[in-house]
Each structure stands twice: as structure tokens, then as C-alpha cells.
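Dear colleague,

Please find below the structure that I am handing over to you. My notes on what was found in it follow.

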Amino acid sequence: MKWTTDARKNLMLFSGRAHPELAEAVATEIGVKMTPQTARDFANGEIFVRFEESVRGSDAFVLQSMPDPTNKWIMEMLIMIDALKRGSAKRITAVLPFYPYARQDKKHRGREPISARLIADLLKTAGADRIITVDLHTDQIQGFFDGPVDHMHAQGQLAEYVRENYGTDNICVVSPDAGRVKVGEKWADALDGAPMAFVHKTRDPDVANQIVANRVVGDVAGKTCVLIDDMIDTGGTIAGAVKVLKEAGAGDVIIATTHGVFSDPATERLATCGAKEVIATDTLPIGPEKHFDTLTILSIAPLLAQTISEVFENGSVTSLFDGNA
């Protein structure tokens with residue numbers, strides 16, 4: 001008897017229920033169909049998932065965004081990964097456009113958790129072999145996962161939008177705090193060596209989501225300021241920074257962020273803070289109730305699709321950033 005095997009690789013894309021529109025956009029970009037599945041909640045809140053096709057030997061990519069309620073979508077993703085592992089998928093890649101609990105990446109004081117590490121451990125234990133994510137809160141979170149992490153950056157899309165719509169002649173890149181100055185430097189390089197500034201701020205460690213913006217370090221007078229951050233949650237930091245920039249004589253202020261969390265009252269704050277435009281990507285779903293006149297949403301699907309394709313084909317993810325990643 002002669003045995004032969006089919007050595008062709010098989011890419012399968014799976015989506016949680018948190019942000020199906022993004023998953024469909026990624027599937028369209030890649031040119032594959034979403035794998036059909038059954039997913040439902042039991043009366044007591046437990047989650048059930050079953051895939052309607054065989055996943056044996058597949059290169060499986062599980063895409064799950066993490067909006068509110070974050071903990072539910074984390075659990076759904078873990079269950080999906082477990083189902084794939086038990087269904088004999090060959091390799092499982094967790095695609096998290098927004099990495100949950102990323103702000104809890106270290107201990108500020110005693111008896112605190114490092115929840116970002118816990119998320120990495122949960123994904124690994126469930127059966128994930130690899131992670132694809134976009135704009136981590138801090139780069140070192142990559143080291144929490146015991147396996148390959150493809151850390152993608154939306155800066156290219158955001159910066160290109162700024163370049164096309166505002167030019168680079170009178171641009172100043174502004175970091176909302178000293179901790180993001182290195183990211184600001186990359187933005188400055190992408191905008192033809194634009195000058196930089198940052199907002200000095202203080203934070204009360206006992207009060208969440210409360211920032212006091214103090215003063216601008218750098219010359220922003222008369223300049224179009226591009227205020228950058230990886231995420232906007234309640235909008236307090238960014239709204240305060242816009243106010244400080246305006247008081248320092250800045251011209252138009254453009255806000256650019258990757259993750260539009262937009263927890264209440266972010267929409268109201270951003271709409272009334274004085275910024276000319278707020279640019280975000282759709283790593284998280286931004287529903288109609290969170291829209292306002294000055295908001296622009298860019299699709300992250302092309303970047304995720306290119307990354308998934310490169311990983312599947314054993315190509316170079318770094319090539320998506322011209323080698324600068």
C-alpha cells in the first residue's frame with residue numbers, strides 16, 4: 001500500500017463576535033471566506049463555540065477585537081483557540097488588533113497585578129502559537145508571550161493621511177507625555193523631520209482616568225500640531241493636551257490615535273475640545289453613537305490582511321515597514 005499526503009497549507013480565518021465587520025474586511029482583503037461557526041451565550045453567561053468545518057491541519061488565524069465588555073471577548077477568544085487546538089489545527093495565531101489590559105504592563109506599587117502578562121499566559125495556555133497585534137501600549141509586552149509576536153504599527157496609515165491632508169511644511173508632532181517621545185520621533189521622521197514637542201503632565205496613582213496637563217515643552221506657536229497617542233479611552237488626557245497647546249499659541253490641532261476606545265464621556269470631550277480633526281483606526285468598533293463631526297476612521301484591515309498573508313506564506317512582516325520595524 002502506498003501512502004501520499006497533501007502538503008499544501010490551508011489558511012482559515014475565524015472571527016469572534018466583538019467586531020465582525022473588521023474580520024469581514026480582512027477576509028475580503030486576503031481573498032478568503034470566513035469559516036462558518038456557531039457561537040452563542042447560555043442563560044448564565046457561559047459561551048459556546050463550534051466550527052462548522054474541519055480545521056485539521058489548518059493554519060488558523062483567530063481575529064478578536066476587545067471592546068467593552070472586554071472580559072467576555074477575551075473568554076470567547078480563549079474558547080475559540082481551545083476548540084481549534086482540540087480540532088487538530090496545525091498552527092493557531094491569535095490576532096488581537098487591540099491588546100487588552102495593555103496599560104497594566106508593570107507594577108507601580110506593591111500588591112498590584114501585571115495583567116498584560118496574564119493575558120499572554122492565558123493565550124499560550126489555551127493553545128495560541130503566535131500573536132499578531134497593533135500598537136501595543138509599550139513594546140516590552142511582546143516579551144510576555146512565549147512565542148513569536150508580530151507587533152504592527154498603524155503609524156504609516158495615520159501619518160500618510162496627515163501628509164495628504166495637511167502637508168508637512170508647518171507641522172509639529174506633539175506627544176501627550178514624556179513616555180511617548182520615542183514614538184513621536186518616529187512620527188517626526190515620517191513627516192519629513194517635523195519638529196517635536198511634548199506635554200508635561202501629572203497623574204494621580206489613586207484615581208483612574210484622571211490626568212492633569214501642565215505645560216508644553218517645545219515651540220508650538222502658530223504650528224499645526226499633530227497630537228499622537230496609542231489609545232484614547234475617556235479622552236481626558238487628550239482634551240487637556242489640546243487646551244494646553246491652544247494656550248501655548250498652537251494653530252490647528254489634529255489628534256491621531258490607533259485605538260479609539262472612546263469610553264464615556266470621550267465623545268463629548270473630543271467633539272468640544274477644540275481639535276480640528278480626530279483620526280482613529282477601526283481596531284475597535286466605533287459605533288454610530290460614538291461618532292462626531294470631526295471624527296475620521298481609517299481601516300486597519302489592509303495592514304492586518306498583509307500581515308496574515310506574510311505570516312502564512314512565511315514571508316517578512318518587517319518588509320511592510322520598509323525594514324524599519
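The confidence score used here is pLDDT, the predictor's confidence in each residue, from 0 to 100. Its mean over the chain is 93, and 93% of the residues reach 70 or more. Over residues 1-5, pLDDT stays under 50, and the model has zero contacts there beyond four places in sequence; contact means heavy atoms within 4.5 Å. Where pLDDT is low, the predicted coordinates should not be read in detail.

Two notes on conventions apply throughout. This is a predicted model, in which local features need pLDDT of at least 70 and side-chain atom pairs count only at pLDDT 80 or more, while totals for chains, interfaces and linings use all residues. Residues are numbered from 1 along each chain as its sequence is written, and side-chain values use heavy atoms, with hydrogens and water left out.

I begin with the sheet. Helices (H or I, at least four residues) and strands (E, at least two) are DSSP runs, numbered from the N terminus, and two strands pair if DSSP finds at least two bridges between them. Five strands form an open sheet with parallel pairing, in the order β1-β4-β5-β6-β7. At its edges are β1 (11-15) and β7 (149-152), each of which pairs on one side only. From one strand to the next, the twist averages 15°. Strand β1 runs parallel to β4 (residues 59-63) and is joined to β4 by five bridges; Leu13 stands opposite Phe61 in β4. Across β1 and β4 lies helix α1 (residues 20-30), running at about 160° to β1. For such angles, axes are lines fitted to C-alpha atoms, for helices over the stretch in contact, and angles run from 0 to 180 degrees between N-to-C directions.

Next come the nonpolar cores. Such a core is a set of buried Ala, Val, Leu, Ile, Met, Phe, Trp, Tyr and Cys residues joined through side-chain atoms within 4.5 Å. Buried means under 20% relative accessible area, exposed over 50%, and partly exposed in between (1.4 Å probe, protein chains only). The largest core has 41 residues, of which Val26, Phe61, Ile132, Trp187, Leu191, Leu304 and Ile308 touch the most other members. Helix α8 (residues 301-312) gives the largest share of this core, seven residues. Apart from it lies another core, of 39 residues, including Trp73, Met80, Leu123 and Val149.

Ile81 deserves a separate note. Its place is in helix α2 (residues 70-86), and Ile81 counts as buried because its relative accessibility is 0%. Leaving aside neighbours within four places in sequence, Ile81 is in contact with Val62, Ile92, Ala94, Leu123, Ala126, Gly127 and Ala128. The C-alpha atoms of Ile81 and Gly127 are 6.0 Å apart, although 46 residues separate the two along the chain.

Finally, I list some backbone features. A cis peptide bond, with omega of about 5°, joins Asp68 and Pro69; Pro69 lies in the loop between β4 and α2. The bond from Asp264 to Pro265 is also cis, with omega near 5°. Tyr101 is not a glycine, yet has a positive phi of about 65°; with 31% relative accessibility, Tyr101 counts as partly exposed. Asp135, likewise not a glycine, has a positive phi of about 45° and, at 13% relative accessibility, counts as buried.

With kind regards
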